[in-house]
Amino acid sequence: MLVIEGLTKRYPTGDLALDGVSLTVPDGQVMALIGPSGAGKSTLIRCVNRLVEPTAGTVRLGDTELTRLGGLALRRARRRMGMIFQEYALVERLTVMENVLSGRLGYVGFWRSWLRRFPLSDIEEAFRLLNRVGLDHMVDKRADALSGGQRQRVGIVRALMQNPDLLLVDEPTASLDPKTSRQIMRLIVELAKERGLAAIINIHDVMLAQQFAERIVGLHAGRIVFDGAPGALTPEVLTAIYGEEDWSATIRKGREGEEDDGEGEGGKAETATDPVRIAAAQ
Ligand SMILES: Nc1ncnc2c1ncn2[C@@H]1O[C@H](COP(=O)(O)OP(=O)(O)OP(=O)(O)O)[C@@H](O)[C@H]1O
């Protein structure tokens, strides 16, 4: 369970990116973090793993208060947080398997990893997870020869190789087409559920957030202005999060996503999740 209390971040420039954010994400819950550009989504994710130093407030993961840790203890705690990024952050010249095994670097000693002598159990787990995401036939392929969706799958497997308690996911679909975006979101949600992981997914696409996350938190100017189920995202709520101007853009984007969706592979994705239709139904 992740417990965030009173999290505040003021950058040295004076920007107040987070203003007293409190939030609890239980194990197994997938939470989408939405909000306009500059709302503080990335800052929130980065304060949790301490890539950004909070100005005030606490972050606890299970029994560990992350905001108190430094040095080795912080490095150890970071192992428990799997990061999945927008740009995949793979090592291009390394193979799929090597990229995946790099998720174990925090556990395997330096020399052992330098000599690429990972324990058999790690290699077996890598095969198992690559099989789970449909990439077991690509273990020897170099990362730079993969498609965007395949790269993101490798990124997901690498994060899971850490055996994390928490997934921090930053714009996982920003570089992907709509269909691949849905596949990746579905995969992240399924894997988080299977493994009982708390997950925070920072995502611009409200439609995707509604389709796949069970809980949505809306940030506006560093504050939580909505925290609830996807079905409760009314136009009024979206206006509170995005403001009038961005809200109309969001509706338009939702419709475009639907038009793109010719193959009907999205399951739930094709049902009445358009905010406009939700509004009409109410
Ligand atoms: N390194 C930094 N130095 C100074 N100000 C920053 C820094 N990073 C972010 N900010 C500011 O903090 C606020 C929140 O930014 P943040 O990147 O967290 O928002 P976001 O919701 O993730 O936006 P986006 O969706 O565009 O990525 C913004 O006003 C931004 O300008």
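1. The loop between H1 and S4 is the place of Arg50. In this predicted model, Arg50 follows helix H1 and has a positive phi of about 65 degrees, although it is not a glycine. Most residues other than glycine have a negative phi. Arg50 counts as partly exposed because it has 17 C-beta neighbours inside 10 Å, and a buried residue would need 20 or more.

2. Ala221 is not a glycine, yet its phi is positive, at about 45 degrees. Ala221 lies in the loop between strand S9 (215-220) and S10. With 14 other C-beta atoms within 10 Å, Ala221 is partly exposed.

3. The overall composition may be stated next. The protein contains ten helices and ten strands. Of its 282 residues, 40% are buried. Among contacts with a separation of 6 or more, 69% are between residues 24 or more positions apart.

4. One of the sheets is open and has four strands, in the order S2-S1-S4-S5, with antiparallel pairing. Strand S2 (16-25) and strand S5 (64-65) stand at the edges with a single partner strand each, so one side of each has no neighbour in the sheet. Strand S4 (residues 56-61) runs antiparallel to S5, and two bridges join them. Arg60 has Glu65 in S5 as its bridge partner.

5. H1 lies across strand S1 (2-10), S2 and S4, and runs at about 60 degrees to S2. Is H1 largely enclosed by the rest of the structure or largely open? H1 is largely enclosed, because six of its eight residues are buried. These buried residues are Lys41, Thr43, Leu44, Ile45, Cys47 and Val48.

6. Which element gives the most residues to the shell around the ligand? It is H1, with three residues. The residues around the ligand are Tyr11, Thr13, Asp15, Ala17, Gly35, Ser37, Gly38, Ala39, Gly40, Lys41, Ser42 and Thr43. By class, the shell divides into three nonpolar, seven polar and two charged residues.

7. Another open sheet has six strands in the order S6-S7-S8-S3-S9-S10, and its pairing is mixed. Its edge strands are S6 and strand S10 (223-228), each of which pairs on one side only. Neighbouring strands of this sheet are turned against each other by 20 degrees on average, direction ignored.

8. Strand S7 (residues 166-170) is largely enclosed by the rest of the structure, because five of its five residues are buried. Both faces of S7 are covered: Leu166, Leu168 and Asp170 are buried on one side, and Leu167 and Val169 on the other. S7 pairs with S6 in the parallel sense over four bridges. S7 also pairs in the parallel sense with strand S8 (residues 198-202), over five bridges. Val169 has Ile201 in S8 as its bridge partner. From S7 the chain crosses through helix H7 (residues 178-195) to S8, and this β-α-β crossover is right-handed.

9. S8 has a parallel partner in strand S3 (residues 30-34) as well, with four bridges between them. The bridge partner of Met31 in S8 is Ile200. Helix H7 packs on the sheet and touches S3, S7 and S8, its direction making about 160 degrees with that of S8.

10. Gly82 is found in strand S6 (residues 81-84), and S6 is an edge strand. Is Gly82 buried or exposed? Gly82 counts as buried because it has 28 C-beta neighbours inside 10 Å. The bridge partner of Gly82 in S7 is Leu167. Leaving aside its neighbours within four places in sequence, Gly82 is in contact with Ala159, Leu160, Gln162, Pro164 and Leu167. Gly82 and Asp27 are 55 residues apart along the chain, and their C-alpha atoms are separated by 14 Å.

Technical notes: Residues are numbered from 1 along each chain as its sequence is written. This is a predicted model: local features need pLDDT of at least 70, side-chain atom pairs count only at pLDDT 80 or more; totals for chains, interfaces and linings use all residues. Two strands pair if DSSP finds at least two bridges between them. Two residues are in contact if their C-beta atoms, placed from the backbone, lie within 7 Å. Axes are lines fitted to C-alpha atoms, for helices over the stretch in contact, and angles run from 0 to 180 degrees between N-to-C directions. A residue is buried if 20 or more other C-beta atoms lie within 10 Å of its own, exposed if 12 or fewer, and partly exposed in between; C-beta atoms are placed from the backbone. A residue is near a molecule or strand if its C-beta atom, placed from the backbone, lies within 6 Å of it. Ala, Val, Leu, Ile, Met, Phe, Trp, Tyr, Cys and Pro count as nonpolar, Asp, Glu, Lys and Arg as charged, and the others, Gly among them, as polar. A crossover is right-handed if, with the strands pointing away from the viewer, the path from the first strand over the helix to the second runs clockwise.
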